[in-house]
Amino acid sequence: MSEILQASSQMELSPPASARLRANMSAQVAVRTLLDAGEAQDGLKLLARLLPKRYAVAWVCQCARDQTLGIEDRAGASLAETWVRDPSEGNRRAAFEFANAGGYKSIGAWLAAAAGWSGGSLAPATQETPVPPPEHLTACAAVAAINLMAALVSEQFAARREAFIGRALGLLGSGDSVAPRGKEA
């Protein structure tokens with residue numbers, strides 16, 4: 001199965017969005033196809049899954065830097081950024097524990113979860129048998145963080161989400177720069 005179709009399945013894209021995708025599409029063409037068809041949420045999900053995990057976490061952290069966030073959200077962003085700079089198991093575990101303690105209810109918890117679910121084990125640190133996270137969990141956390149940040153200005157949700165997506169499209173490897181439609185987030 002192609003990377004595009006596998007990512008579509010893992011991220012549970014809508015049937016209309018999945019039907020637009022072809023196995024031979026490049027990652028950037030696949031995401032652009034969904035965005036051009038008005039399938040922004042599905043495009044976001046596919047984009048987040050096709051990015052390397054460290055890139056996805058760096059992307060959501062970059063988006064968070066421009067937002068007015070509370071203390072908890074900034075703490076989660078800081079843990080995620082620490083992991084991006086040094087993707088050690090200790091930094092991943094710290095981000096995971098923060099997200100878990102926060103009950104996945106805030107932007108900061110989802111930012112930390114993106115890093116925390118990037119590898120390692122989801123089991124308690126004291127458990128010997130590791131429980132690796134499914135490969136798509138970092139993308140799921142990134143999608144949640146992006147949507148929550150877009151919703152900080154609810155009347156501009158769609159434009160803000162599109163601007164966040166535009167920041168990451170170039171990371172898919174084409175080299176084409178993307179000018180997002182609408183206002184910058």
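Ala, Val, Leu, Ile, Met, Phe, Trp, Tyr, Cys and Pro are called nonpolar in these legends, Asp, Glu, Lys and Arg charged, and the others, Gly among them, polar. The model is predicted, with local features needing pLDDT of at least 70 and side-chain atom pairs counting only at pLDDT 80 or more, while totals for chains, interfaces and linings use all residues. Residues are numbered from 1 along each chain as its sequence is written, and side-chain values use heavy atoms, leaving out hydrogens and water.

**View 1. The largest cavity and its lining.** Here a cavity is a set of points on a 1 Å grid over the protein atoms alone where a 1.4 Å probe fits but cannot get out, and lining residues have an atom within 4 Å of a point. Grid points are joined across faces, edges and corners, and the volume is the space filled by probe spheres set on them. The structure holds one cavity of 30 Å³ or more, and about 30 Å³ of space lies in the largest. Its lining consists of A48, R49, L51, K53, A56, E135, T138 and A139; by class, that is four nonpolar, one polar and three charged residues. Helix 4 (40-50), helix 5 (53-65) and helix 9 each bring at least two residues to this lining. Helices are DSSP runs (H or I, at least four residues), numbered from the N terminus.

**View 2. Helix 8 against helix 9.** The axes of helix 8 (residues 107-116) and helix 9 (residues 137-150) come within 8 Å and cross at roughly 155 degrees. The model is predicted, with local features needing pLDDT of at least 70 and side-chain atom pairs counting only at pLDDT 80 or more, while totals for chains, interfaces and linings use all residues. Residues are numbered from 1 along each chain as its sequence is written, and side-chain values use heavy atoms, leaving out hydrogens and water.

**View 1. The largest cavity and its lining.** A cavity is a set of points on a 1 Å grid over the protein atoms alone where a 1.4 Å probe fits but cannot get out, and lining residues have an atom within 4 Å of a point. The structure holds one cavity of 30 Å³ or more, and about 30 Å³ of space lies in the largest cavity (the space filled by probe spheres set on the points). A48, R49, L51, K53, A56, E135, T138 and A139 line the largest cavity; by class, the lining has four nonpolar, one polar and three charged residues. Helix 4 (40-50), helix 5 (53-65) and helix 9 each bring at least two residues to this lining, helices being DSSP runs (H or I, at least four residues) numbered from the N terminus.

**View 2. Helix 8 with helix 9.** The axes of helix 8 (residues 107-116) and helix 9 (residues 137-150) come within 8 Å and cross at roughly 155 degrees. Axes are lines fitted to C-alpha atoms over the stretch in contact, and angles run from 0 to 180 degrees between N-to-C directions. Look for I107, W110, L111, A113 and A114 of helix 8 meeting T138, A141, A142, A144, A145, L148 and M149 of helix 9, where contact means heavy atoms within 4.5 Å. The residues of this contact divide into 11 nonpolar, one polar and no charged.

**View 3. Helix 4 with helix 9.** These two helices pack at an angle of about 135 degrees, with their axes 8 Å apart. Helix 4 is therefore oblique to helix 9. From helix 4 come Q41, L44, K45, A48 and R49, and from helix 9 come A139, A142, V143, I146 and N147. Six of the contact residues are nonpolar, two polar and two charged.

**View 4. Helix 4 with helix 10.** Helix 4 packs with helix 10 (residues 157-169) at an angle of about 35 degrees, their axes lying 11 Å apart. Here A40, Q41, L44 and L47 of helix 4 meet R161, I165, A168 and L169 of helix 10. The contact has six nonpolar, one polar and one charged residues.

Technical notes: 1 Å grid on protein atoms, 1.4 Å probe; cavity = no way out; pocket = protein on both sides within 12 Å on 5 of 7 lines; lining within 4 Å. Parallel < 35°, antiparallel > 145°, perpendicular 65-115°, else oblique.
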